[in-house]
Amino acid sequence: MNEPLYYHLTGSSGMAMGLSSQVAGELGRRIVCGVYQPGDLVEDEDAAARRFRVSRTIIREAIKILSAKGLITVRRGVGTRVTPRSDWRLLDEDVLAWHQAAPPCPRMLMRLMEVRAAMEPAAAGWAALRATENDVRKINAAIENMEKTSAHTESFVIADAGFHSAILKAAHNEFLTALEGVIYAALLTSIRLTNKTPDENILSIPFHRTVAEAIAGRDEHEAAGRMRRLLDDASKRLAAMMATLPPQ
């Protein structure tokens, strides 16, 4: 569910549906999920062509796609190897989407939450200073959608993402808006763990409402502080759930 939902939230159709893109997507998911570990050799063109029942040309095109995203490196005489995660283009839309197919990774989740903690309180503060009346209406409408959809996890995630997206846009900083994908990836992965019942969805709504109230009240510092508390609550619930996961 989460990978298509991620593309839905970003307004993207995902990768083109050609054979090379389909093969790249399948190999990309396997790399991100850990089927292939950094340093592992990916099967050669002939083996991959047999596995996916496509031509070697299709495999070569798929390898080029993954290489451009930093997931693999190709060297003559050595073969195709998975690169270290530090080389991956982690903000690439498809790489973030493929993470949604992977089992929850505590390390990645906490890194995503760290990015959110650095970015979103500032965005909320700037939104308090710069939001138009229409921006404020969109933020409040997102909260209303969260209330209406609290019994349905997928719809609730869309509404929750809409709330955070509305605040990023209300900050009127195009660099922040360009990082929406990080927030969507974090939301989809963390809510999969923390919001498994309608009651858990409902409990998170008051934290969102206090942020909206501070933005509407044009209180920069209060808006930033309330967003920080919202994220702190999410991080605590996430840490509690991750403690129950098997070690990786």
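The model is predicted, so local features need pLDDT of at least 70 and side-chain atom pairs count only at pLDDT 80 or more, while totals for chains, interfaces and linings use all residues. Residues are numbered from 1 along each chain as its sequence is written, and side-chain values use heavy atoms, with hydrogens and water left out.

**Exercise 1. Salt bridges**

Task: State how many salt bridges the structure holds, and describe the bridge of Arg-30 with Glu-26.

Solution. 
Step 1. A salt bridge is a side-chain nitrogen of Lys or Arg within 4 Å of a carboxyl oxygen of Asp or Glu. The structure holds 18 of them.
Step 2. Between Arg-30 and Glu-26, the closest N and O atoms are 2.9 Å apart.
Step 3. Both residues belong to helix H2 (residues 19-33), where four residues, about one turn of the helix, separate Arg-30 from Glu-26. Helices (H or I, at least four residues) and strands (E, at least two) are DSSP runs, numbered from the N terminus.
Step 4. Glu-26 has a relative accessibility of 27% and therefore counts as partly exposed. The classes are buried (under 20% relative accessible area), exposed (over 50%) and partly exposed in between, with a 1.4 Å probe and protein chains only.

**Exercise 2. A bridge between distant parts of the chain**

Task: Determine where Lys-69 and Asp-94 lie, and whether they are buried or exposed.

Solution. 
Step 1. A salt bridge with an N to O distance of 2.9 Å joins the side chains of Lys-69 and Asp-94.
Step 2. This pair links distant parts of the chain, 25 residues apart: Lys-69 is in the loop between helix H4 (56-68) and strand S1 (72-75), and Asp-94 is in helix H5 (residues 93-99).
Step 3. Both Lys-69 and Asp-94 are buried.
Step 4. Elsewhere, salt bridges with shared partners join Glu-3, Glu-26, Arg-29 and Arg-30 into one network.

**Exercise 3. The pair of S1 and S2**

Task: Describe how S1 is joined to S2.

Solution. 
Step 1. Two strands pair if DSSP finds at least two bridges between them. Here, four bridges join S1 to strand S2 (residues 79-82), and the strands run antiparallel.
Step 2. Thr-73 has Arg-81 as its bridge partner in S2, and Arg-75 stands opposite Gly-79.
Step 3. Three residues lie between the strands of this hairpin, in which Gly-77 takes a positive phi near 85 degrees.

**Exercise 4. Two helix pairs**

Task: Describe how H7 crosses H8 and how H6 crosses H12.

Solution. 
Step 1. Two packed helices are described by the angle between their axes and the distance between the axes. Axes are lines fitted to C-alpha atoms, for helices over the stretch in contact, with angles from 0 to 180 degrees between N-to-C directions.
Step 2. The axes of helix H7 (residues 133-148) and helix H8 (residues 153-170) come within 8 Å and cross at roughly 165 degrees. H7 is therefore roughly antiparallel to H8. Angles under 35 degrees count as roughly parallel, over 145 as roughly antiparallel, 65 to 115 as roughly perpendicular and the rest as oblique.
Step 3. H7 passes H8 in a left-handed crossing. A crossing is left-handed if the near helix is turned anticlockwise from the far one by less than a right angle, and right-handed if clockwise.
Step 4. For helix H6 (residues 106-130) and helix H12 (residues 220-242), the axes come within 7 Å and cross at roughly 165 degrees. H6 is therefore roughly antiparallel to H12, and their crossing is right-handed.
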